[in-house]
Amino acid sequence: MKFSSVEKQHLLRAWLVISVAFAIMLSGGFSFSEQFFTAAVMSAVTVGLGFLLHELAHKFLAQRYGCIAEFRAFDTMLVLAVIMSFFGFILAAPGAVFIHGHVNKARNGRISVVGPVVNIVLAYFFFAVLIATQAYAYGNQLISNIAYYGLSINSWLAVFNLLPFWHLDGAKVFAWNKRIYAAALLMAIATFLVSIQIMSSCVSCNPELADACLADFFLPPYFLRGGEKNQSSVRQFCHLT
Ligand SMILES: [Zn+2]
């Protein structure tokens, strides 16, 4: 994959800012504390990586098809994400890959579908980590949190981006091939249901987590409410029953 130096700066900036924004939301504010640092690392490897690899997948395939594909951060949206994070929710649009060159509808559809597919693959990777943590490292709360959050946020990113509206990936996949669109959407929804199922089994084994879990349930990542409710979900995540 070819990267311009400007593009590398944009990718790094978007990754860092989105990680900080989610860390502010998850830890309930900005501070030089261990809790904030932990939330920042957690955000960087879950939502940050999910967003980054999603965009890079678009770029990779577009370049394979002979197009010029460059990522550019949306600075205004990044500033807005940080401001919103202090109020406990984030509507994130960190940036996008701009593609120049001629692609037909099929290639455009394929370039679009790989983004959400990467999120689904990542979600299952985190799911596997979660299961492994439960089996081999019982009691490691931090890895459990990261794995669960990675599963939950990546499955949500896949579902959200596959909506067939606006300029979302889903609209282009839908225009290209309805069957592939349906398969991708079903896969994304199934993954998202897995994350909800884990959270509800978590609630039944620890009722105190109900509030935190419900906040995740109804308003996941792209429009995730934070504050006190999510603080508790960062600090503690119960084990699979
Ligand atoms: Zn995309």
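User: Before anything else, what does "buried" mean?
Analyst: A residue is called buried if 20 or more other C-beta atoms lie within 10 Å of its own, and exposed if 12 or fewer do. Please also keep in mind that this is a predicted model.

User: OK, so is Ser27 buried or exposed?
Analyst: Ser27 has 25 other C-beta atoms within 10 Å, and because the cut-off is 20 or more, it counts as buried.

User: Where does Ser27 sit, and how far is it from Phe86?
Analyst: Ser27 belongs to helix H1, and although 59 residues separate Ser27 from Phe86 in sequence, their C-alpha atoms are 9.9 Å apart in space.

User: Let me step back. How many helices and strands does the protein chain have?
Analyst: There are nine helices and two strands in the protein chain, and when you read along the sequence their order is α-α-β-α-β-α-α-α-α-α-α.

User: And how much of the protein chain is buried?
Analyst: Of its 241 residues, 46% are buried. Looking at contacts with a separation of 6 or more, 72% are between residues 24 or more positions apart.

User: Back to H1. How does it pack with H2?
Analyst: Helix H1, which covers residues 5-27, packs with helix H2, residues 34-64, at an angle of about 130°, and their axes are 7 Å apart. The two helices are therefore oblique to each other, and the crossing of H1 with H2 is right-handed.

User: Which residues make that contact?
Analyst: On the H1 side they include Leu11, Trp15, Ile18, Phe22 and Ser27, and on the H2 side they include Phe36, Ala40, Ser43, Val47 and Phe51. Sorted by type, the residues of this contact are 14 nonpolar, five polar and no charged.

User: What about H1 and H3, at what angle do they cross?
Analyst: The axes of H1 and H3, the helix of residues 75-86, cross at roughly 10° and come within 7 Å, and that angle makes H1 roughly parallel to H3. The contact involves, among others, Ala14, Ile18, Ala21 and Phe22 of H1, together with Leu78, Ala81, Val82, Ser85 and Phe86 of H3. By type, the contact of H1 with H3 has twelve nonpolar residues, one polar and no charged.

User: Which residues touch the most other members of the largest nonpolar core?
Analyst: In that core of 61 residues, they are Ile18, Ala21 and Phe22. Among the elements that give two or more residues to this core are H1, H2, strand E1 and H3, as well as helices H4 and H5, and H1 provides the largest share, with twelve residues.

User: And what is Phe22 in contact with?
Analyst: If we set aside neighbours within four places in sequence, Phe22 is in contact with Ser43, Val47, Ser85 and Ile90.

User: Changing topic, how do H2 and H5 lie?
Analyst: Their axes come within 10 Å and cross at roughly 30°, which makes H2 roughly parallel to H5, and the crossing of H2 and H5 is right-handed. The residues that make this contact include Thr38, Met42, Val47 and Gly50 of H2, and Asn145, Tyr149, Gly150 and Asn154 of H5. The contact of H2 with H5 divides into eight nonpolar residues, seven polar and no charged.

User: Is Asn154 buried or exposed, then?
Analyst: Asn154, which is in helix H5, has 33 C-beta neighbours inside 10 Å and so counts as buried.

User: What does Asn154 touch?
Analyst: Not counting residues up to four places away in sequence, Asn154 touches Gly50, Asn119, Leu122, Ala123 and Phe126. Leu122 and Asn154 are 32 residues apart in sequence, while the distance from C-alpha to C-alpha is 6.6 Å.

User: Last one: what is phi like for Trp166?
Analyst: Phi of Trp166 is near 45°, a positive value in a residue that is not glycine.

User: Where is Trp166, and is it buried or exposed?
Analyst: Trp166 lies in the loop between H5 and H6, and because 12 or fewer is the limit for exposed, its 7 other C-beta atoms within 10 Å make Trp166 exposed.

How values were computed
Residues numbered from 1 in each chain as written. Predicted model: local features only at pLDDT ≥ 70, side-chain atom pairs only at ≥ 80, totals over all residues. Axes fitted to C-alpha atoms, helices over the stretch in contact; angles between N-to-C directions. Helix = DSSP H or I, 4+ residues; strand = E, 2+ residues; numbered from the N terminus. Parallel < 35°, antiparallel > 145°, perpendicular 65-115°, else oblique. Left-handed = near helix turned anticlockwise from the far one by under 90°. Contact = placed C-beta atoms within 7 Å. Nonpolar A, V, L, I, M, F, W, Y, C, P; charged D, E, K, R; others polar. Core = buried A, V, L, I, M, F, W, Y, C linked by C-beta atoms within 7 Å.
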